[in-house]
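Below are some short notes on the model, as numbered points.

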Amino acid sequence: MKLQRKNGLRATALGALAVSGALVLTACGSDDNTGGTGSAGEKKTAASNIRCGDAGGQLMASGSSAQKNAMDLWVKNYMAACTGVEVNYKSSSSGEGIVAFNQGTVGFAGSDSALKPDEVEESKKVCESGQGINLPMVGGPIAIGYNLPGVDSLVLDAPTVAKIFDTKIKKWNDPAIAKLNPGVKLPDTTIQAFHRSEDSGTTQNLGKYLGKAAPNDWKYEAEKKWPAPGGQAAQGSSGVAAQVKQVPGAIGYFELSYAESQDIPAVSIATGASAPAEATSENASKAIAAAKIKGTGKDLALDLDYTTKAEGAYPLVLVTYEVVCDTGNKPETLDTVKSFLGYTASDEGQKILTDAGYAPIPTEINAKVRETVDGLS
Amino acid sequence: MASTTPTETPPEPPAASRRAASTGRVGDKVFLGLSRGSGILLLAIMASIAVFLGYRAALAISENEGNFLTTFDWNPAGDPPVFGIAVLLFGTVVSSVIAMAIAVPVAVGIALFISHYAPRRIAAPLAYVVDLLAAVPSIIYGIWGALFLVPYLGGLNLWLDEYLGWTYVFDKTEAGVARSLFTVGILLAIMILPIVTSVSREVFLQVPRMNEEAALALGATRWEVIRMSVLPFGRSGVISASMLGLGRALGETMAVATVLSPSFVISLHILDPGGGTFAQNIAAKFDEANQFGRDALIASGLVLFVLTLLVNGAARLIIARRKEYSGANA
């Protein structure tokens, strides 16, 4: 009897929990809907420029989470303009995207780094008579966020960034930092350097930058795994940003959008130009403009110039690629891939990037991307 | 068990059991077949998991350039590939031991309070709240831990360092936030508390009324009743409850991944950030790992599998030895 009553109570409570849970979920849902209808209004005017061509059916894609926010916007606009087409970008990781691409289960893959030679070799099995190529599509600054109450702007250069993340500089009032920030009152706080705890393309890009721009102070290979022994770790860009926001004296790296959405101040980098470069979409584009194409044939993999001294160029950038077959794409998705990537590479598609905290690909390189997309077969 | 009963027991019980088995009713036979079938199926599934893990693990270990048991690194994508489980084994065991040390006494206390001290009007809602805690998903505990628990534990860590630093274990050598194995242990303790509490409470409620009344009649105080009749009776139940909790602590993934600041070092300074656990490492590395990296992670998963089997086996042994007290026989 007593047992039964207890079960009854439990059932009621579970029911209550389920109902409130459902309410919370629907609340989220309606939020999304209002956002959707709001931007649908703007879309109608813009939608005319999207060339749908013979696109149709379902296009599966997968890969880098660094370009997720840009992809979400693109997919939403594209599907509003081209009815009957479904684009499904699964934001997982670059590694998973490339594995899926080489198994032939996706139309294209997103990746933070260009295909490695053995991955190109493997792609020849999927792309009949062709191979996988990289199309640079989304650029973005990696912001170095910090938490120092009372310090509104902070300038660092590549060697100090390297020493901070290698825990060689332990205090905020270290002479090396003070020299770069004359007139700023730096506190005597311990530096808490945060990095990503899981393997990440962002870590690899930071490693590439430090390896090129501060070769004497950063001796590690640029890998997805954090290479240095010291410091603290947190899960995901959001985790690192949350820790930097929470811990006084903390410093960490993440995509610019995380710094903007959480109001975390970002470090300006002294590159040797007349003034230190701030972490903004515009400044990142200036740095990507200094890149050279290192890919051969239709492959447009970029060789970024991390040591650029161009005025206002923020050198700590990452470029994410879309990976497709140059020839031998699957006939059922080819038209959709060409139409969709044609849109993402268009002026309109690239313009959206700035609003989302990313950086557009510079015009010269972008022109080649469009040409290549048109020639896909 | 079933196969040993006929040889060990005196002649009469086998006759009784044979009678029970041969009532000739179809239902009995079907049920016998069903239960035997599910038992065999379960073993087969376990065996196939072990074979799968073993095969993939063997592939990875054969290519490993480091020592699987003693290397303090995890870099299967490197050249040469190197990975080892020492840090993960250490971190998993230490965080679970901390969790058990905190959770079990508290859980037994709560269970005793609910079953023997609290007025009935309070006991039922309290028991219900404890059960509800078990339904909270671990990622919620993780977020709560990262955003609420970690900042608040900073002060506790400084206090422990100042007054108990001489124990070496509580000596804090690195300044920093409390994203350590100790914090993970506390969080795991909170997570396993409900399951240990609710199983212990059920067992304590099953203590035969006669035992307690007899003790009371002899003039024992309530605490003496608990010490002499409730606790000995419930011991095996509490042990199995703890093992259930330990199983959850060993395999907890998301909460640990959110709260811990992992690094591949072994340090007995449990207040310093660092260390790692099997499940946390798999969650962190799986996404970006290539085929070989995934095989390496599977090899580490196999070790967790073996560890869990050992723990459960040990628990069975302890319980079997105290069978006379088990709730099932009462």
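1. A:Lys224 and B:Glu288 form a salt bridge, with their closest N and O atoms 3.0 Å apart. The count of salt bridges between chain A and chain B is 3 (a side-chain nitrogen of Lys or Arg within 4 Å of a carboxyl oxygen of Asp or Glu).

2. This is a predicted model, in which local features need pLDDT of at least 70 and side-chain atom pairs count only at pLDDT 80 or more, while totals for chains, interfaces and linings use all residues. Residues are numbered from 1 along each chain as its sequence is written, chains are lettered from A in the order in which they are written, and side-chain values use heavy atoms, with hydrogens and water left out.

3. Chain A gives 25 residues to the contact and chain B gives 24 residues (heavy atoms within 4.5 Å). Between them the two chains bury about 2,400 Å², 49% of it on carbon and sulfur atoms (accessible area, 1.4 Å probe, lost on being put together and summed over both).

4. For residues 89-315 of chain B, an unreviewed UniProt entry lists "domain: ABC transmembrane type-1"; such annotations may be inferred rather than shown by experiment. The span is 77% helix and 0% strand, and its end C-alpha atoms lie 19 Å apart (DSSP runs: helices H or I, at least four residues; strands E, at least two).

5. The structure holds 3 cavities of 30 Å³ or more (sets of points on a 1 Å grid over the protein atoms alone, where a 1.4 Å probe fits but cannot get out; volume is the space filled by probe spheres set on the points). The largest cavity has a volume of about 60 Å³. Its lining residues (an atom within 4 Å of a point) include A:Phe101, A:Cys325 and A:Lys330.

Methods:
On a 1 Å grid over the protein atoms alone, a cavity is a set of points where a 1.4 Å probe fits but cannot get out, and a pocket is an open set with protein on both sides within 12 Å along at least five of seven lines; lining residues have an atom within 4 Å of a point.
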